[in-house]
Amino acid sequence: MLRSDWITTGPAVEEFEEALAAFVGARHAVAVSTGTAALHAATYAAGVGPGDEVIVSCMSFVATANAVVFQGGTPVFADVDAGTLLIDPESVEDRISNRTKAVLAVDYAGQPCDYDTLRSICDRNDLTLIADACHSLGAERDGRPVGTLADISLFSFHPVKHITAGEGGMCVTDDAGHAERMRLFRNHGITVDHHERRAGRTWRYDVVDLGYNYRLTDFQCALATSQLRKLPGWLARRREIALRYGEAFCELEAVEPLRPDPSVEHAYHLYVIELDLERLDVGRGDIFAGLRDEGIGVNVHYVPIHLHSFYRRRFGTGPGLCPVAEAAYERILSLPIFPRMTDDDVEDVITAALKVIGDHLR
Ligand SMILES: *Cc1c(COP(=O)(O)O)cnc(C)c1O
């Protein structure tokens, strides 16, 4: 790879774009430098600009909402469903105004959102539906793959995600116009790329809009293409681990895993449990610390975005805006889940969790 003529913008980029588009069943794929860049390109393609509002799930990584702010828009935070922590379509409807431009849903933990309901809301209100699918590569809803469920879906190839390019991202869409705008956006807003200039024997190019350098390199794409081949096996392993966790924790009443919709084929980027704090004599913080003391890499995903200082200061958000997400946030823990975990690793997590949580039952 490193001996090829191309380090960036060469054939490996297109190869990865085509492979990922084929994998998810989308017509067009545009590779970009990060998942965050993919979010930014998607909000740009949706036409988000100053004064526009985008309804965003509050239960996500902060980049989801930041992408709206990059474009000068206002993120309007929607609450989530208590069983799945996915954006609640009713809350979306409540938040629609005459300035709403798009809905930005997040496939939290790896479960695709209720896109049928979101689609009908978006169609009725002439909104673009964007899926932050950074957790859900390879997931399905009603047998339909993520990547085909929204107007634009986007992925991250950060090392913690299902497949990696070191850093990287991808937007997929069936709409040729959206794809073209995203290609322009990742390359400084320039209309023709160097291939077209060479083919047309011209030095001319035109900058038609403000764009960025969000290109992904050939060697990153070569890595990602080889990772994509391994994805089915890795997904199967994640699902196997999740099944084992589910079995182990149904015995423990103080722990409740999320309750994904039965129509969902989950990609398990995260395995999230909720603690029933009424049954425990300590809070989530002590359980978290106890598990870390046992050597278990637990985490919390996420602090609801509207509670971060920047959002409070800039947009006047704060507690009370999304009560379901705020209540869930006090109780959630993410357990380690990644394909290379051995069965022994999985049992170690279960043993530690049963011990630490068991020690604090009321
Ligand atoms: C990882 C992630 C992002 C950001 O992706 P990067 O590649 O790290 O920029 C955005 N949204 C969600 C939900 C993510 O998990």
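Some ground rules before the details. Residues are numbered from 1 along each chain as its sequence is written, and side-chain values use heavy atoms, with hydrogens and water left out. Because the model is predicted, local features need pLDDT of at least 70 and side-chain atom pairs count only at pLDDT 80 or more, while totals for chains, interfaces and linings use all residues. Helices (H or I, at least four residues) and strands (E, at least two) are DSSP runs, numbered from the N terminus.

I start with a helix pair. Two packed helices are described by the angle between their axes and the distance between the axes. Here the pair is α9, residues 284-293, and α12, residues 343-358; their axes come within 10 Å and cross at roughly 140°. That makes α9 oblique to α12. On the terms: axes are lines fitted to C-alpha atoms, for helices over the stretch in contact, and angles run from 0 to 180 degrees between N-to-C directions. Angles under 35 degrees count as roughly parallel, over 145 as roughly antiparallel, 65 to 115 as roughly perpendicular, and the rest as oblique.

Which residues meet? From α9 they are I287, G290 and L291, and from α12 they are A352, A353, V356 and I357. The residues of this contact divide into six nonpolar, one polar and no charged. In this count Ala, Val, Leu, Ile, Met, Phe, Trp, Tyr, Cys and Pro are nonpolar, Asp, Glu, Lys and Arg are charged, and the others, Gly among them, are polar.

Next, a sheet. Three strands form an open sheet in the order β10-β12-β13, with antiparallel pairing; strands pair if DSSP finds at least two bridges between them. The edge strands are β10 (255-257) and β13 (332-335), each pairing on one side only. Neighbouring strands are turned by 35° against each other on average, direction ignored. Between β10 and β12 (residues 271-275) there are three bridges, and P257 has I273 as its bridge partner in β12. Helix α8, residues 218-249, packs on this sheet and touches β10, β12 and β13; its direction makes about 15° with that of β12. Contact means heavy atoms within 4.5 Å.

A parallel pair comes next: five bridges join β2 (residues 53-57) to β3 (residues 74-78). Four of the five residues of β3 are buried, where buried means under 20% relative accessible area, exposed over 50%, and partly exposed in between (1.4 Å probe, protein chains only).

Now R141, in strand β6 (residues 140-141). Is R141 buried or exposed? R141 is buried, with a relative accessible area of 11%. Leaving aside neighbours within four places in sequence, its contacts include L86, C113, D114, D261 and V264.

A109 is not a glycine but has a positive phi of about 70°. A109 lies in the loop between β4 (100-106) and α5 (115-125) and is buried, at 1% relative accessible area. D142, also not a glycine, has a positive phi of about 50°. D142 lies in the loop between β6 and β7 (144-145) and counts as partly exposed, at 46% relative accessibility. Finally, the peptide bond from H301 to Y302 is cis, with omega near 5°. Y302 is found in the loop between α9 and α10 (309-315).
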